[in-house]
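Q: Could you walk me through this structure, feature by feature? I would like to learn how to read each one.

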Amino acid sequence: MEEKLNAILEAVKPLDADAMEAARKRQMALAKPPGSLGRLEDLSIQLAGITGQVHNTVNRQHLLVFAADNGVVEEGVSSAPQSVTLMQTINLTRAKTGASVLAKHFGCGITVCDVGVNAVIKEPAVLNRKIAFGTQNMTKGSAMTRQQAVQAILTGLELAKETPADVLGIGEMGIGNTTTSSAVLSVLLNVEPEKVTGRGGGVTDEGFRKKKAAIQKAIAVNQPNPEDVVDVLAKVGGFDIAAMCGAFLGCALTRRPVVIDGFISAVAALCAVRLCPDVRGFLVPSHASFEIGYCLAMEEMGLTPIFQLGMRLGEGSGCPLAFQVLSAACAILNDMATFDQAGIDDGYLEEIRQGDKFSVEAAT
């Protein structure tokens with residue numbers, strides 16, 4: 001399986017520079033001051049690089065949510081019981097959670113995939129790709145085998161490839177997964193767990209102490225190799241994070257934009273970028289997560305979220321919101337009149353353009 005993964009990583013190609021330049025030139029020709037639509041302009045240019053086309057649409061919007069349980073909950077790291085994973089996995093398919101309500105509101109598709117929930121799920125709307133009934137307690141040894149980690153990555157990758165959509169968003173459901181995400185991030189960035197660990201869904205001071213202690217112990221016990229993403233995921237990660245990592249890879253492979261949700265999604269995206277640096281160009285961060293490790297993950301990837309909404313729910317809740325911004329970016333580039341079409345002589349902007357040019361040259 002690992003040979004298959006390596007072959008896929010080599011097949012991912014960088015953004016199309018020629019298409020991006022063509023989109024940039026069209027933005028400059030549109031009837032507006034240069035750069036006046038900010039991130040919308042940047043996103044339209046990024047989309048051109050992703051698809052290889054100047055004119056794009058993101059009408060088919062889809063959210064992938066990966067659900068799994070984590071053995072580390074035995075350490076008292078979460079205020080919620082593990083049974084919540086099962087109930088919310090089912091509720092996600094019934095438009096009864098935050099992310100699924102937003103998806104329904106905006107007309108986005110949603111697929112909920114069980115890659116490791118610690119229960120038999122009888123709800124037919126939940127896609128069964130279960131690898132195991134939750135991970136092992138990572139404070140006592142490896143959370144999963146290396147083979148299971150690769151299997152989870154490939155599971156997410158294949159699901160992303162098979163999902164018919166113009167844009168995908170990647171979310172999760174799993175009690176204890178801010179603990180595993182913090183552990184993975186701590187190892188990848190080589191920083192102390194305290195610098196990347198927040199309270200997740202909310203824990204008492206004692207629970208927060210246990211959470212940080214569990215991460216510290218898991219890293220000490222397992223000694224994951226920060227240069228080997230699969231090793232890190234296997235030893236201190238979760239099935240959900242690994243599958244999400246694979247989904248980001250799958251979107252890059254099929255040249256489609258993919259939206260990062262919050263903290264856990266960002267850690268999975270970082271795993272994908274570490275495995276294949278070209279994945280970065282396909283990523284669109286939605287909201288800035290309240291979790292303290294989120295900013296470090298974004299800085300490491302050189303990305304800036306679109307929204308500052310104080311959100312920290314997870315599930316993929318930021319993705320349907322970001323889809324609408326991407327749709328707006330497409331509309332601007334596709335439908336806005338150029339200066340010629342609007343009958344406007346744009347000579348008055350030449351001084352501004354020259355100023356922008358000189359500013360860029362000075363900065364470089």
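A: Let's start with the sheet. Six strands make up an open sheet, in the order β3-β2-β1-β4-β5-β6, with parallel pairing. Two strands count as paired if DSSP finds at least two bridges between them. Strands here are DSSP E runs of at least two residues and helices are H or I runs of at least four, numbered from the N terminus. At the edges are β3 (126-128) and β6 (283-285), each pairing on one side only. From one strand to the next, the twist averages 30°; axes for such angles are lines fitted to C-alpha atoms (for helices over the stretch in contact), and angles run from 0 to 180 degrees between N-to-C directions.

Q: Before we go on, what kind of model is this, and what is its mean pLDDT?

A: This is a predicted model, in which local features need pLDDT of at least 70 and side-chain atom pairs count only at pLDDT 80 or more, while totals for chains, interfaces and linings use all residues. Residues are numbered from 1 along each chain as its sequence is written, and side-chain values use heavy atoms, with hydrogens and water left out. The pLDDT is the predictor's confidence in each residue, from 0 to 100. For this protein the mean is 95, and 96% of residues reach 70 or more. Confidence is lowest in helix α15 (residues 350-363), with a mean of 60, and highest in strand β5 (residues 258-260), at 99.

Q: Which strands does β1 join, and by how many bridges?

A: Strand β1 (residues 61-68) runs parallel to strand β2 (residues 109-116), joined by seven bridges. Seven bridges also link β1 to strand β4 (residues 167-173), again in parallel. Follow Ala-67 to see both sides: Ala-67 stands opposite Met-173 in β4 and opposite Asp-114 in β2.

Q: Which way do the side chains of β1 point, and are they buried or exposed?

A: The general idea is that side chains in a regular strand alternate between the two faces of the sheet. In β1, Gln-61, Leu-63, Val-65 and Ala-67 point one way, His-62, Leu-64, Phe-66 and Ala-68 point the other way, and all are buried. Buried means under 20% relative accessible area, exposed means over 50%, and partly exposed is in between (1.4 Å probe, protein chains only).

Q: What does Thr-89 touch?

A: A contact means heavy atoms within 4.5 Å. Thr-89 lies in helix α4 (residues 83-92) and is buried because its relative accessibility is 0%. Not counting residues up to four places away in sequence, Thr-89 touches Ala-67, Val-112, Val-117, Ile-121, Val-126 and Met-173.

Q: How do I check the span of a helix such as α7?

A: The expected span is 1.5 Å times one less than the number of residues. For the 13 residues of helix α7 (residues 177-189), that gives 18 Å, and the end C-alpha atoms are 18 Å apart, which agrees. As for cover, 13 of the 13 residues of α7 are buried. Just after α7, Asn-190 takes a positive phi of about 55°.

Q: Is Lys-4 buried, partly exposed or exposed, and what is it in contact with?

A: Lys-4, in helix α1 (residues 2-11), is partly exposed, with a relative accessible area of 44%. Leaving aside neighbours within four places in sequence, Lys-4 is in contact with Leu-154 and Glu-158. Lys-4 and Val-150 are 146 residues apart in sequence and 9.6 Å apart in space, C-alpha to C-alpha.

Q: How many disulfides does the structure hold?

A: A disulfide is a pair of cysteine sulfur atoms within 2.5 Å. The structure holds zero disulfides. Cys-108 is in none, and the nearest cysteine sulfur, that of Cys-319, is 9.1 Å away. Cys-108 is buried, at 9% relative accessible area.
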